[in-house]
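Here is a short note for a colleague opening this model for the first time. Please keep the viewer at hand while going through the points.

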Amino acid sequence: MALSPYIPLANTGSGAKRNGFILYVEDEDINWELTEVSFRGRYNLHRAKSSREAFELLAKNTYDLILMDIQLSASDLNGIEITQVLRGRYEGQLPHYATRVAATTVPIIFVTAYTARYTKDELIAAGGVDMIPKPVDFVKLSLTITRLILRDAATHQPDL
């Protein structure tokens, strides 16, 4: 028997299943395209190229997971700062567009080429749950996502 990843059900009112919704905050087209192709059919991916786009999408949609690049060209906030805002830990002046989104506990995985600059512990302290280095090993990323989804499902089991 083959195992497949558990995808939590959305509260759609219809009882219909849905694939997991993932926001990928990534400014580089090639990184987005590789991820989109790798996860096509398994997850519903949305992309934000900047902090402004990320907060606009977060204000309109509910996500099961966020993949976060650190370095975002032409963005007011970098990925660490976006994460700090989402965790209620940001100490700077918030851009006006970020004030519409409440702090969240949605898991954030940093997907970054800056593994020599930031340690996994620093990124977890900023509010992430894990770090995947670029170039991305999509098998490792898939396993990390599945682990997080299973952990979430185990902690949200109804009492019997």
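1. Contact here means heavy atoms within 4.5 Å. Keep that cut-off in mind for Thr-35, which touches Tyr-24, Leu-45, Leu-67 and Phe-138, leaving aside residues up to four places away in sequence. Thr-35 sits in helix α1 (residues 29-39). Thr-35 counts as buried, at 2% relative accessibility. Buried stands for under 20% relative accessible area, exposed for over 50%, and partly exposed for what lies in between (1.4 Å probe, protein chains only).

2. A word on the source: this is a predicted model, where local features need pLDDT of at least 70 and side-chain atom pairs count only at pLDDT 80 or more, while totals for chains, interfaces and linings use all residues. Residues are numbered from 1 along each chain as its sequence is written, and side-chain values use heavy atoms, with hydrogens and water left out.

3. Now the overall layout. The protein has five helices and five strands. Helices (H or I, at least four residues) and strands (E, at least two) are DSSP runs, numbered from the N terminus. Read from the N terminus, the order is β-α-β-α-β-α-β-α-β-α.

4. Strand β1 (residues 20-25) runs parallel to strand β2 (residues 43-48), and six bridges join the two. Pairing requires that DSSP finds at least two bridges between the strands. Gly-20 stands opposite Tyr-43 in β2. From β1 the chain passes through α1 to β2, a right-handed β-α-β crossover. Right-handed means that, with the strands pointing away from the viewer, the path from the first strand over the helix to the second runs clockwise.

5. Burial and contacts follow. The protein has 160 residues, and 43% of them count as buried. Take the contacts between residues at least 6 apart in sequence: 54% of these join residues at least 24 apart.

6. Then the surface. The protein exposes about 9200 Å², with 52% of it supplied by carbon and sulfur atoms. Accessible areas come from the Shrake-Rupley method with a 1.4 Å probe; for residues, only the protein chains shown count as cover.

7. Two backbone details deserve a check. Most residues other than glycine have a negative phi, and most peptide bonds are trans. Ala-74 is not a glycine, yet its phi is positive, about 60 degrees. Ala-74 lies in the loop between β3 (65-68) and α3 (79-86). Ala-74 is exposed, with a relative accessible area of 83%.

8. Which peptide bond is cis? The bond from Lys-134 to Pro-135, with omega near 0 degrees. Pro-135 belongs to the loop between β5 (130-133) and α5 (138-155).
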